[in-house]
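Here's a quick briefing to read alongside the model. Have a look at the picture first, then work through the points below.

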Amino acid sequence: MTDDIQYLTLEGLQELEEKLNFLRTVRRQEIAQRLHQAMEEGGELAENAEYEDAKNDQAFLEGEIIRLETILRNARVIQQDGRKDIVGLG
């Protein structure tokens, strides 16, 4: 992922921070529980569809977390002057 500047409104920044926090805490825990349950079911992990599905979800989740961290690391907040009829940056 590139380190280009990401222009966000204050509301957009807060929304991304909340989403990142949710993914790091709630979703990671949910997926970890699914992985644990799939492993407890026994059998060959290579043949366990639930385990493979949970691993794929975990990989997607970690990618999304990295993407959001990169956006937030490079974020610049756009100041809004209240006018809704003009588009501008900074």
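## Starting from Leu72

Leu72 sits in helix H2. Helices here are DSSP runs of H or I with at least four residues, strands are runs of E with at least two, and both are numbered from the N terminus. Keep in mind that this is a predicted model: local features need pLDDT of at least 70, side-chain atom pairs count only at pLDDT 80 or more, and totals for chains, interfaces and linings use all residues. Residues are numbered from 1 along each chain as its sequence is written, and side-chain values use heavy atoms, with hydrogens and water left out.

**Leu72 and its surroundings**

- Leu72 has a relative accessible area of 18%, so it counts as buried (buried means under 20% relative accessible area, exposed over 50%, partly exposed in between, with a 1.4 Å probe and protein chains only).
- Setting aside residues up to four places away in sequence, Leu72 touches Leu13, Leu16, Glu17 and Leu20 (contact means heavy atoms within 4.5 Å).
- Leu72 and Tyr7 are 65 residues apart in sequence, yet their C-alpha atoms are 9.7 Å apart in space.
- Gln14 is 58 residues from Leu72 along the chain, with 9.8 Å between the two C-alpha atoms.

**Helix H2 as a whole**

- H2 covers residues 49-73, which makes 25 residues.
- From its first C-alpha to its last, H2 reaches 36 Å, close to the 36 Å expected at 1.5 Å a residue (the expected span is 1.5 Å times one less than the number of residues).

**How H1 and H2 pack**

- The axes of H1 and H2 come within 9 Å and cross at roughly 160° (axes are lines fitted to C-alpha atoms, for helices over the stretch in contact, and angles run from 0 to 180 degrees between N-to-C directions).
- Sorted by class, the contact of H1 with H2 has 15 nonpolar, one polar and 13 charged residues (Ala, Val, Leu, Ile, Met, Phe, Trp, Tyr, Cys and Pro count as nonpolar, Asp, Glu, Lys and Arg as charged, and the others, Gly among them, as polar).

**Two residues of H1**

- Gln14 belongs to helix H1, and its 40% relative accessibility makes it partly exposed.
- Arg27 is in helix H1 too, and it is partly exposed, with a relative accessible area of 26%.
- Leaving out neighbours within four places in sequence, Arg27 is in contact with Phe22 and Leu61.
- Arg27 and Leu61 are 34 residues apart in sequence, and their C-alpha atoms are 7.9 Å apart.

**The whole protein**

- The protein has two helices and two strands, running β-α-α-β from the N terminus on.
- Of the 90 residues in the protein, 26% are buried.
- Among contacts with a separation of 6 or more, 71% come from residues 24 or more positions apart.
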